[in-house]
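Open the structure in your viewer and keep the selection panel handy. We will go from stop to stop, picking residues and looking at what surrounds them.

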Amino acid sequence: MSTEKSLYQPNPEFAKNAYIPSMDAYWELQNRAIEDYEGFWKGFADEKIDWLAPYDKVLDESNAPFYEWFTNGKLNVSNQCIDRHLADKADKTAILFEGDRGDVEKITYAQLSQRVNKMANLLKNEFGVTKGDRVVLYMPMIPEAAYAMLACARIGAVHSIVFGGFSAEALKDRIEDAQAKIVITADGAYRKGKPYLLKNVVDDALFRGGESIEAVLVVKRNNEPIEWVEGRDHNYNELIRSQSDVCPFEIMDSEDPLFLLYTSGSTGKPKGVQHSSAGFILWAQMTTEWVFDVKGDDIFWCTADVGWITGHTYIVYGPLAAGTTTVMFEGVPIYPDAGRAWKMVQDHKITQFYTAPTAIRVLHKMGKDEPKKYDLSSLKVLGTVGEPIDPAAWKWYYETVGNSKCAIVDTWWQTETGGHIITPLPGATPIKPGCATFALPGIMTEILSYEGISKEAGEPGLLCITKPWPSMIRNIWGDPERYKKAYFGDVAKDGKPVYFSGDGAVADEAGYITIVGRVDDVINVSGHRMGTAEIEAAVKEDNSVAEVAVVGCPHDIKGESIFIYIVLKEGHINADIKNHINELLATEIGNIAKADHIIEVPGLPKTRSGKIMRRILRSIAKHEEITQDISTLEDPSIVKQIETTAREA
Ligand code: WT7
């Protein structure tokens, strides 16, 4: 095998005690899944889940692609994450919180139980939240965010977390789409040593709409002065005191939705990805164990925000279901200096560290030698997620952070997959920089053409998952047709629609899978996923804009940045157009959607049927030679004009 030399072998000491200790063990599991798919999953479901009533069927495919797992089984996810651990882990730290200013709080499983029960009672008794109601969370990274998630799970309410970087308008849209009953938020929190506000965004969202909201529950984190709407707004810190810490959990069905999480697609407005209870929690727990190999007194730190799927699965649900200690951090890893993250690893003896390539690049750039100043010997596994990692960042992470002894798990997955799909296993997989390697046992991926034909080694194709898996998306909230079309509408294999991820990938002779990136109109800025259609719709709100096209452009730190081409309406001159467009993007979507480049062009490259040739625009943004055939364009001369403008800009 030609790649053998460039492979990094797992640490043999570590492998000895790993959940999956070798590639033989990996293949033994994967072959078991290939031979008896349902039997494979039944084994783990029976071993891992605390069933309150047994299921009758492992996988029901009768209404494909609306798959059901563990039909009629009963469970409660908050029991899976808390109650069942109380017998032997009551005094173990469940959540290790570190605030922006260095304040540390260790919350044991017993305390977590009390706080979640109280919050569940508060939601149920004071606000009448019941099974199936939607609860929107607009929260900073504080333990109350986790309490709220688990309290919802306990009473069967469906949480929908909106990332704190989204604007009031975006928050309002998500509240309305989900028809949520209550919003849980905080006055604000701390970032880079200073208080900031969040609740004002909720006020603005509810001023704009969101009629379904009956109450706003406000956690006081920084006690900054905020506006208060009498009758609508309620103080969590006061109300929680009188709640009982006993709230029996609701008996939930395997397929009852656990949460919604809005994410961007290639068309239209963000979609509410709906996840299930049993299948989701099973895979969250199994992947936390297999991929991060958490056990014993491990301290697991995932740096994501709870507003993203990574925070759902690998800060809250997976680690707590696995009974480990999960770290939650309010601040940013470069404050007060670029050693903050490494100081935290040292102080808390963190064993697994999971972050995004964009953060690794920032930490590398701002403090190449910082890791050497701290004792990082507790680290065993390093993880990355969200975008491809470049070899330079990988090497620094491996050598300087991991001291060449930690496995790097480059985990490929999506909001829709609920948990990891393709990733190395730290005790088994020989790894190579920038490569996500193999599908996990039980997961069947294939690289296909649009016609459903398997690609040969070395040939890029469409990354598909050809069998349903327990933690897969169940639906798009309120829009089953869109669910079918978005995920099962593009690729069919042997006549059967299969899940297409939107990513391209390529496998080598040895089966190592490398992710090539999105092949649809979705861009990934610092790990934040955005649809070009969504950004274009926001730009069109400017009434001097006639036409707009948005593409992603490679960026050293962010991975991709937003590059916008606009054509102004005839007779319109707008000197301040760039600022205005960025203001619009901040208002309509959030600061994360601001563009790095906005250029005004005389026209867009379109085919005779009117389709914008984005490939050409992507090449121009990158200052690449145009190699595509432009003779089919309605006006080929426009390409030169755009190139000239882009070069001057
Ligand atoms: C998209 C999903 C899954 C949690 C974070 C993002 C890209 C994700 C990798 C990786 C290359 C990756 C893909 C995917 N992506 N992980 N290890 N290597 N690309 O979740 O917002 O749903 O975005 O992120 O393009 O489709 P998301």
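**First stop: the ligand**

Select Arg518 together with the ligand: a polar atom of the Arg518 side chain sits 2.8 Å from a ligand oxygen atom. Keep in mind as you look that this is a predicted model. How much of the ligand's accessible area does the protein cover? On its own the ligand has 550 Å² of accessible area, and the protein covers 94% of that.

Next, colour by secondary structure. Two or more residues of the shell come from each of helix H12 (309–321), strand S20 (407–411) and strand S27 (513–518). Then show the whole shell, which holds 17 residues; those that come nearest to the ligand are Asp410, Thr411, Thr415, Asp503 and Arg529. Colouring the shell by residue class gives you 6 nonpolar, 6 polar and 5 charged residues.

**Second stop: the cysteines**

Select Cys152 and Cys247. How many disulfides are there in the whole structure? The search finds 0. The cysteine sulfur closest to that of Cys152 belongs to Cys247, but it is 11 Å away, so the two are too far apart for a bond. Are these side chains buried or exposed? Cys152 counts as buried because its relative accessibility is 0%, and Cys247 is buried too, at 1%.

Move to residues 199–208, helix H9, and highlight Lys199, Val201, Val202, Asp203, Ala205 and Leu206, which are buried. What covers them? As a reminder for reading any helix, an α-helix has 3.6 residues a turn, so residues three or four places apart point the same way. Just after H9, click on Gly210, where phi is positive, at about 70 degrees.

**Last stop: Asn582**

Finish in helix H18 (residues 577–588), where you will find Asn582. With a relative accessibility of 17%, Asn582 falls under the 20% cut-off and so counts as buried. Which residues does Asn582 touch, leaving aside its neighbours within four places in sequence? Select Lys594, Ala595 and Ile598 to see these contacts.

Notes:
Residues are numbered from 1 along each chain as its sequence is written. This is a predicted model: local features need pLDDT of at least 70, side-chain atom pairs count only at pLDDT 80 or more; totals for chains, interfaces and linings use all residues. Side-chain values use heavy atoms; hydrogens and water are left out. A residue is near a molecule or strand if one of its heavy atoms lies within 4 Å of it. A polar contact is a pair of N or O atoms within 3.5 Å; within protein, one must be able to donate a hydrogen and the other to accept it, and residues adjacent in sequence count only if both atoms are side-chain atoms. Accessible areas come from the Shrake-Rupley method with a 1.4 Å probe; for residues, only the protein chains shown count as cover. Helices (H or I, at least four residues) and strands (E, at least two) are DSSP runs, numbered from the N terminus. Ala, Val, Leu, Ile, Met, Phe, Trp, Tyr, Cys and Pro count as nonpolar, Asp, Glu, Lys and Arg as charged, and the others, Gly among them, as polar. A disulfide is a pair of cysteine sulfur atoms within 2.5 Å. Buried means under 20% relative accessible area, exposed over 50%, partly exposed in between (1.4 Å probe, protein chains only). Contact means heavy atoms within 4.5 Å.
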